[in-house]
Amino acid sequence: MEPDPAAARHTVTHCPVCQSTRLQDRFSVQGFGVMRCEDCGLMLTNPQPSDAELGRIYGEDYFLVENDAAGQRHVDTLKQGTADLYLDLLAKYASLPAGARLLEIGSGQGDFLVRAQARGMDVTGVEYSAHANGIAQGKLGGRGRLLVGEVGDVPVSDGPFDVVACSDVIEHVRDPAAFLERVHALLRPGGIVFVATPTQDSWSARLLGRRWMEFKPEHLWYFSTATLRSLLTQHGFADIVDHAGVKTLSFDYVAGHFARYPVQGITPITNFLRRIVPFGLRRRPLRVVASGMVLMGRREDAPSAAS
Ligand SMILES: [Zn+2]
């Protein structure tokens, strides 16, 4: 092999879901190959960005959607709307006692934790951005606990938790199997894992093919319902249910996303509509099933022997 800057990238040799080595090139996105496991259908970025490349991608403004205060409040409203939809799914899945302990991995600016707290839960968040954690702390009014770091930085002695939730996180982690093992260790037996992530089964993935907006280098894995179910089962979770990932979005939010991550054939349309649709309409919260799924499961008392 010729030496080149890609040497620092991580080459995946086998599928983290089914261990197959039959990973086949499909296409590339922003200079990164996208492969598909011929045995289970998991798709992955491969080779994967180096730590330095990920550091540049997750710069200060990675989560910055709006620059002004009104715009930020609008985004908070949408995110809390999505949190309520997710918490409704959780409540349908299991009845949780008041004061149930919930940990969110990748808690960002705390909107999910705010809504969970409003439902009487005792909340903890772990988030690698200290800046985002500061904002979350303010929203939680000093109640709830926030740690800076990743799931591995939450001491198992801080558990057990009744619920561990993560939204738009598992597709970013280097080792999704190790991630779920850690989640398992942090839950009480019977405790609930809640995972939201983009899915290949979504209408947007089917419609857009390789132009799907979720294909980006920092998304290391592209699950489907079947592959994520399989991974959860292998790592000691049972009673798994899946739902389409409903989010609360507005036209403005979606158009802003497509302005930032241009998609051929779509961005010109959203840019055009952004100029002609009245402001009030552009910011009206809408329930949208776009590209995601939600899976929930329970920690089995005895982890399966699969790993
Ligand atoms: Zn596979």
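Predicted model: local features only at pLDDT ≥ 70, side-chain atom pairs only at ≥ 80, totals over all residues.
Let me start with Arg206 and Asp201, whose side chains meet in a salt bridge at 3.7 Å, N to O, where a salt bridge is a side-chain nitrogen of Lys or Arg within 4 Å of a carboxyl oxygen of Asp or Glu. Arg206 counts as exposed at 60% relative accessibility, while Asp201 is partly exposed with a relative accessible area of 34%; here buried means under 20% relative accessible area, exposed over 50%, and partly exposed in between, with a 1.4 Å probe and protein chains only.

Residues are numbered from 1 along each chain as its sequence is written, and side-chain values use heavy atoms, with hydrogens and water left out.

Helices (H or I, at least four residues) and strands (E, at least two) are DSSP runs, numbered from the N terminus. Arg115 is partly exposed, with a relative accessible area of 25%, and a network of salt bridges links Asp84, Asp88, Arg115 and Arg119. Asp242 and Arg229 also form a salt bridge, again given N to O, at 2.9 Å; Asp242 lies in strand β10 and Arg229 in helix α7, so this pair ties together parts that are 13 residues apart in sequence.

Now to a charged residue without such a partner. Lys216, placed in the loop between α6 (203–208) and β9 (221–222), is buried yet has no salt bridge, and the nearest side chain of opposite charge, Glu218, is 4.7 Å away; for charge, Lys and Arg count as positive and Asp and Glu as negative, with His and the chain ends not counted. What is Lys216 in contact with, leaving aside its neighbours within four places in sequence? The residues are Val29, Gln30, Thr45, Tyr222, His257 and Tyr261, contact meaning heavy atoms within 4.5 Å.

Finally, the domains, whose bounds come from an automatic or database domain assignment: the chain is divided into domain 1 (10–53 + 69–106 + 150–247 + 292–299) and domain 2 (251–284). Their centres, taken over C-alpha atoms, are separated by 27 Å, and 11 residues of domain 1 are in contact with 10 residues of domain 2. Between them the two domains bury about 830 Å², 63% of it on carbon and sulfur atoms, where buried area is the accessible area (1.4 Å probe) that two parts lose on being put together, summed over both. His74, Arg211 and Met213 supply 52% of the area that domain 1 buries against domain 2, more than any other three residues. Across this interface the rule finds zero salt bridges.
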